[in-house]
Amino acid sequence: MKTSNRFFTTLTLCTSLILASTSASEAQRNWGWFRCEVTGIQRGQLAVRPEPAGEPFAGLNNGNTVAAMIGSGRWVALDNVVWYYVHILRGPNSGLNGREGWVNSDYLECYEELNVDF
């Protein structure tokens, strides 16, 4: 797609980071928030981090729900892990609801696009 007004955004976290660059006009059409359930945790919790692979500030249990930002240029692959940015909808306690951070996408089952703007 050609456009006369292209802006590119790139997020650089470290040298092992892979991130797709996306123009602002394309990003508006190629991503969205999806309802996802935490699943597959065998022990412990799914860590919620302020940045991919950062120190956790919270944990989620199987069955908790989040809104994950999914689409072109909206995920990060770091050290063979795909990270999604999430907004916690229903966490293990109400104090986590509404908080945002990064989680390992291997433990999310996403099933419904949401019409929200956090």
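In the predicted model, Trp102 has a relative accessible area of 12% and is buried. Tyr85, at 22% relative accessibility, is classed as partly exposed; the value is not under 20%, so the residue does not count as buried. The rings of Tyr85 and Trp102 form an aromatic pair, with 5.4 Å from centre to centre and 70° between the planes, an edge-to-face arrangement. This pair links distant parts of the chain, since Tyr85 belongs to strand E9 (residues 81-90) and Trp102 to strand E10 (residues 100-104), 17 residues apart.

The count of aromatic pairs comes to two. Trp33 and Phe118 also form an edge-to-face pair, in which the ring centres are 4.9 Å apart and the planes stand at 90°. Distant parts of the chain are linked here as well: Trp33 is in strand E4 (residues 31-38), Phe118 is in the segment after strand E11 (108-114), and 85 residues separate them. Trp33 is buried, with a relative accessible area of 6%. Phe118, at 40% relative accessibility, is partly exposed.

Strand E9 contains His87, which counts as buried at 11% relative accessibility. When neighbours within four places in sequence are left aside, the residues in contact with His87 are Trp33, Val66, Ala67, Gly98, Arg99, Glu100 and Phe118. Trp33, one of these contacts, is itself buried, whereas Phe118, another of them, is partly exposed.

The structure holds one disulfide. A disulfide is a covalent bond between the sulfur atoms of two cysteines. The sulfur atoms of Cys36 and Cys110 are 2.0 Å apart, and the link is right-handed, with 100° about the S-S bond.

Arg35 counts as partly exposed at 26% relative accessibility. Glu112 is also partly exposed, with a relative accessible area of 35%.

Most residues other than glycine have a negative phi. Asp79, a residue other than glycine, has a positive phi near 55°. Asp79 is placed in the loop between strand E8 (75-78) and strand E9. At 54% relative accessibility, Asp79 counts as exposed; the class applies because the value is over 50%. Asn80 is found in the loop between E8 and E9 too. Its phi is near 65°, again positive in a residue other than glycine. Asn80 counts as exposed, with a relative accessibility of 84%.

Key. Residues numbered from 1 in each chain as written. Predicted model: local features only at pLDDT ≥ 70, side-chain atom pairs only at ≥ 80, totals over all residues. Heavy atoms only, no water. Phe/Tyr/Trp six-rings, centres within 6.5 Å; stacked < 30°, edge-to-face > 60°. Helix = DSSP H or I, 4+ residues; strand = E, 2+ residues; numbered from the N terminus. Buried < 20%, exposed > 50% of the residue type's maximum accessible area, 1.4 Å probe, protein only. Contact = heavy atoms within 4.5 Å. Disulfide = S-S within 2.5 Å.
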